[in-house]
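Please bring up the sequence and the structure, and I shall take you through selected parts of them.

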Amino acid sequence: MSTAIGFLKGHGTQNDFVIIPDPENGIDLGPGEVAALCDRRAGIGGDGLLHVVRSAAHPEGRAYADEAEWFMDYRNADGSVAEMCGNGVRVFARYLQRAGHVDAGELAVATRAGIKRVHLAKEETPGAPGEITVEMGVARLPEGDVEVRVGSGLRPATHVDMGNPHAVTFVTDLAEAGELRSAPEVLPTSAYPHGVNVEFVVDRGPGALAMRVHERGSGETRSCGTGACAVAVAAARRDGLDPARTGRPATYTVDLPGGRLTITERADGVVEMTGPAVLVAEGTIDPGWLAALTA
C-alpha cells in the first residue's frame, strides 16, 4: 500500500473501533494488519475494526446490495472475521452520517448476520447527536445445556444466538467472573466450535441488569451490544416475560462498564438495542508502517 489510508476512531458505550472507510473495497487488510491496527500499544487501538464498504463492492455483501448500500465488514481485535457487532453497527451508522452518506432517520446496514435496520435519532440539541436504535433480529435459543466455569464450579448458562453465539450466566456479584482476559471455560466444548462470547450478569432491580463480558477474539471489553441483547433475552425467559408468550414487549436497561444500553424484545420477536455512538478522532495510517507488517 503506497498511499496513506484514512481512519477514524469511535466507540459505542466504550466498545471502541478503528474505522477504515473503503467504499470500493480497494484496501486488503489481512488478519495480521487488523491485529496491529487494533493493538493498544503499537497501533491505533480498538476492540475491533469496522471496514466500511459498499455492499456491491464486497463479495459477502453483494447479495444484500439491493436492500442495503453499505456492508459492515467487521473484524475482531485479533484479526479474525466476525458475523456481527451490535455496538459496531451504531458506530458504523454514525460514521455514515458524519461522512454525509446518510441523514437522521432510517438506514439498512448489511452484515454477515444479515440486514440490520437502524434508526438515527435527530439531534436533541445542536452538536449533540441523538441515540441510535438497531433492530438486531430475532434471538435463537438453541437446545442443549451449557455451563460456564465461575470460580471453582460450573454454573448453568443460557445459549442465545444473536447472529453470533453467547453463553449467559447469572451471578450474585460481577467480581465472580474473575479476570476475563482469557476465555472462560464453557462446556460442552462441542456447543461452540467457533468460540463464544460469555456474559456474567447481576440484577440491579426490576427491569435493570448489569454485566461483564468476554468477547471471543478480543478479551474483556467495556461493552458488547449483541451481548446486552442476549442478556436481556435470557432475563426475559428467566423472569417469565417471553414476548412470544405474553404478547407484550420486554424491556431491560443493561449497565456495562462503558455505559448503558436499553434493550427491548418486541412481541414479534425482534430485539431492538438503543444507545449512543461517538466518533472521537480521525487521521491517516503511515503506509510505510503498514507495509512493514507484511514485509
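Val-18 counts as buried, because its relative accessibility is 0%; buried stands for under 20% relative accessible area, exposed for over 50%, and partly exposed for what lies in between, with a 1.4 Å probe and protein chains only. Before I continue, please note that this is a predicted model, in which local features need pLDDT of at least 70 and side-chain atom pairs count only at pLDDT 80 or more, while totals for chains, interfaces and linings use all residues. Residues are numbered from 1 along each chain as its sequence is written, and side-chain values use heavy atoms, with hydrogens and water left out.

Val-18 is located in strand 2. Helices (H or I, at least four residues) and strands (E, at least two) are DSSP runs, numbered from the N terminus. Not counting residues up to four places away in sequence, Val-18 touches Phe-7, Leu-8, Lys-9, Leu-37, Ile-44, Gly-45, Gly-48, Leu-49 and Leu-50, where contact means heavy atoms within 4.5 Å. Between the C-alpha atoms of Val-18 and Asp-47 the separation is 8.2 Å, and these residues are 29 residues apart along the chain.

How many aromatic pairs does the count come to? The count is one aromatic pair, the rule being that rings of Phe, Tyr and Trp (its six-membered ring) pair if their centres lie within 6.5 Å, with planes under 30 degrees apart counted as stacked, over 60 as edge-to-face and the rest as tilted. Phe-17 and Tyr-74 make up this edge-to-face pair, at 6.0 Å centre to centre and 75 degrees between the planes. Phe-17 belongs to strand 2 (residues 15–21) and Tyr-74 to strand 4 (residues 70–76), so the pair ties together parts that are 57 residues apart in sequence. Both Phe-17 and Tyr-74 are buried.

**The nonpolar cores**

A nonpolar core is a set of buried Ala, Val, Leu, Ile, Met, Phe, Trp, Tyr and Cys residues joined through side-chain atoms within 4.5 Å. The largest has 54 residues, of which Met-72, Val-118 and Ile-263 touch the most other members. Helix 3 (residues 225–238) supplies the largest share of this core, nine residues. Another core, of 16 residues, lies apart from it and includes Val-148, Ala-167, Leu-174 and Phe-200.

Val-148 leads us to strand 8 (residues 146–150), whose covered face has Val-146, Val-148 and Val-150, and whose uncovered face has Glu-147 and Arg-149. In a regular strand the side chains alternate between the two faces of the sheet.

Two strands pair if DSSP finds at least two bridges between them. Strand 8 and strand 9 run antiparallel and are joined by five bridges. On strand 9, Val-148 has Arg-155 as its bridge partner, and Val-146 has Ala-157. Their hairpin has two residues between the strands, and in it Gly-151 takes a positive phi near 65 degrees. Strand 8 also pairs with strand 11 (residues 186–187), in the antiparallel sense and over two bridges; there Val-148 has Val-186 as its bridge partner.

Strand 9 in turn runs antiparallel to strand 10 (residues 165–170), with four bridges between them. Val-160 stands opposite His-166 of strand 10. The hairpin of strand 9 and strand 10 has three residues between the strands, and here Gly-163 takes a positive phi near 95 degrees.

Beyond four places in sequence, His-159 touches Arg-140, Leu-141, Pro-142, Val-146, Pro-165, His-166, Ala-191 and Tyr-192.

**The cysteines**

I close with the cysteines. A disulfide is a pair of cysteine sulfur atoms within 2.5 Å, and a search of the whole structure finds zero disulfides. Cys-85 counts as buried, because its relative accessibility is 3%, and Cys-224 is buried with a relative accessible area of 2%.
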